[in-house]
Amino acid sequence: MLHGLVSAITVANLTAVLAGLFFGVVGGMLPGISVVTAIALALPFTFGLPTQTALLALGAIFCGATYGGSIAAILINTPGQPGSIATAFDGYPMTRKGKAPQAMMTALLASVVGGVIGVIILLVFFAPLSSIALEFGPPSLFWLAVFGLTTIAAMSSGNVIKGLLGAVIGLVISTVGLDPVVGSPRFTFGYYPLVQGFDMVVVMIGIFSFSQMLVLLGSDQSFIARYTPSKNVLREVAGYVFGRCKLLLLQSSLIGTFVGTLPGAGGSVAAIIAYNEARRWDRNPDRFGKGAVEGLVAPESANNAGVGGSLVPLLALGIPGNAAAAVLMGGLLSQGITPGPQLLENSAGEAYDFIVGLLLVNLIMLPVGLLVARISANALRVPKNVIIPIVIVLSVIGAYSIRNNELDVLIMLGAGVGAYLLMRVDIQPGPIALGLVLGPMIEESLSVSLRLAHARDSVFEVLVWQPLPAALIVLCLLSLFAPVLIERISRIRARRAQGDMPTASREVEARRLARGPTLAASLLLGALAALFWMQAADLRYPSDVFPKLVIATLAVLLVLTIADTLRGGSAAYTQTTTVPDRQVWAILAIGTLAAAYVLLFPLIGFYLTTFCFLVVGLCLARMLARERPSSRMFVTALLIAAGTTLAVYGIFSGMLGVPTPRGLLI
């Protein structure tokens, strides 16, 4: 351990760590550039480097990209990585309150502490933890994923039905494409390209990034949020985090490390579970979702602790716990290190050098993160009419870069528009994203469990009558019904205190009545559910089990939503405000322009189309804000469009090597 620490502190290794952290943080911020993509892009450049230098660079990218996703989640409500979904729940509300610097400092400190704790546990306990992880078979992983899904009930206080409805919509989306076990195509509706399914990151870019731009268009604000630089932010945040949240840091880091060790779980599941546990045991859980610091500490510490956890099965068993660990395994093998039971006998020195070096990586991430966060926070000073076209361009190139497919860009736009319409009736993107992330894990674990049950002639013996599944079932029931009971009790107390009010609580009554839009959305979703059910009738066992179960659940929730809406319950209300006619026309205009942009870039080239879109979009956005056209407006748009296009070209084509359509002209 001492040798690893001393050998890591060399000019070459420190340079590799700094370069890897910057590359990882920036990559984690960009939509569509996942942790896996960032590591895979850098892997060829490490082949000629010394072993420790190469591994430290890859580890720095892994840690940096895991943290980087939180910056976009906090600033523009767009999780850069799946593990940052829960970060957006409280991070973006803090930004809207003018506390973006505090939010980013909180996320950074939690990430560093979580990463350090995860690596320490990896260093000391990775052999025992690997044996525990092996006990989690498909039945246990199924119930663990379901437990993660039940956190929706806790996060949807006041509107549990719509929260669960959003999660099931995400599950339905995850079933499109090939069955993960048998390989049968599902829900393609005769269109062959849909066999590849909806990529999770593509849909997430749409439901978070593009939909958020439509929300900004519908607001009267000139900026995303007010931003006032303040001094001593780091000291203020550190005092709160290490004073009032130290136990939460430890709890969430332990959760993240343990869940990270489970194959297929990853940081996204860990962050979701840690967020729910933080909310469950908080004295005032209603603060969560409205800008609570604890709502940032829990998911970020768990997400980054999962990095160390994911290396446990990789190093001890030779089994990568997730896709990023699988790519990192390629880096280990290329350096002559074979992960597995013989690692400590054959390459103990290199293994401990790598693990101890990760401690250094997480500590250096603090100054690097501070620098990137301060630079990124200045984006809030840019008027929203400039931000919106630029974010749309990043969303388009991010969606395209996943699989170099124009269809993915159209899917991203469709997901964004659909998410925006669902938000109008209080079905939020967060639950949809959680269903989308957990869906494949639930289905794959369920399918394997059913096959085991078929071999043993007992479903209950496999899925229920075992210690781990039974314990997780109890946790699922508590997580699902405890928030409902707490909400009922609080409503009863509110009625008594307010003279037995005839409807729900005063908080619900203060919302805008949206009975008509909610019924219309429910009927439309019901029609889609019926269409999917007819397609599912042609599927064979076991490809049909999970889709039919999900569609049936969707139908039940829609019936409950309609019934609750008709009787004037919480489902009949929404927290969103009415969009003025002027903003409606702005949304339609920018939406049409974005659709034209997507349809034209395969024809005339991506970067030429990007430049034209930015010029027109910037001028249009300012005119929609009632600014008179002028030569100054046009020149400013030209300069911003040229600079943005060159920056996008330099990052995606020059640095990341993303191929883009050249089109007929360029």
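Author: Buried means under 20% relative accessible area. This is a predicted model.

Reader: Is S522 buried or exposed, then, and why?

Author: S522 has 4% relative accessibility, so S522 counts as buried.

Reader: Where does S522 lie, and what does S522 touch?

Author: S522 lies in helix α23, residues 515-536. Leaving out residues up to four places away in sequence, S522 touches L558, T561 and I562.

Reader: Switching to rings. How many aromatic pairs does the structure hold?

Author: The structure holds twelve aromatic pairs. One of them joins Y400 and F601 edge-to-face, at 5.9 Å centre to centre with 90 degrees between the planes.

Reader: Which helices do Y400 and F601 lie in?

Author: Y400 lies in α17 (residues 384-403) and F601 in α25 (residues 581-604), so the pair ties together parts 201 residues apart in sequence. Y400 is buried at 6% relative accessible area, and F601 is buried at 0%.

Reader: What about the rings of Y597 and F613?

Author: Their centres are 4.6 Å apart and their planes at 10 degrees, so the pair of Y597 and F613 is stacked. Y597 is in helix α25 and F613 in helix α26 (residues 606-624), 16 residues apart. Both Y597 and F613 are buried.

Reader: Which residues do ring pairs link into a cluster?

Author: The cluster consists of Y400, Y597, F601, F606, Y607, F613 and Y649.

Reader: Last topic: at what angle do α2 and α16 pack?

Author: Helix α2 (residues 11-29) and helix α16 (residues 348-377) pack at about 50 degrees, with axes 10 Å apart. α2 and α16 are therefore oblique to each other, and the crossing is right-handed.

Note on methods. Residues are numbered from 1 along each chain as its sequence is written. This is a predicted model: local features need pLDDT of at least 70, side-chain atom pairs count only at pLDDT 80 or more; totals for chains, interfaces and linings use all residues. Side-chain values use heavy atoms; hydrogens and water are left out. Axes are lines fitted to C-alpha atoms, for helices over the stretch in contact, and angles run from 0 to 180 degrees between N-to-C directions. Helices (H or I, at least four residues) and strands (E, at least two) are DSSP runs, numbered from the N terminus. Angles under 35 degrees count as roughly parallel, over 145 as roughly antiparallel, 65 to 115 as roughly perpendicular and the rest as oblique. A crossing is left-handed if the near helix is turned anticlockwise from the far one by less than a right angle, and right-handed if clockwise. Buried means under 20% relative accessible area, exposed over 50%, partly exposed in between (1.4 Å probe, protein chains only). Contact means heavy atoms within 4.5 Å. Rings of Phe, Tyr and Trp (its six-membered ring) pair if their centres lie within 6.5 Å; planes under 30 degrees apart count as stacked, over 60 as edge-to-face and the rest as tilted.
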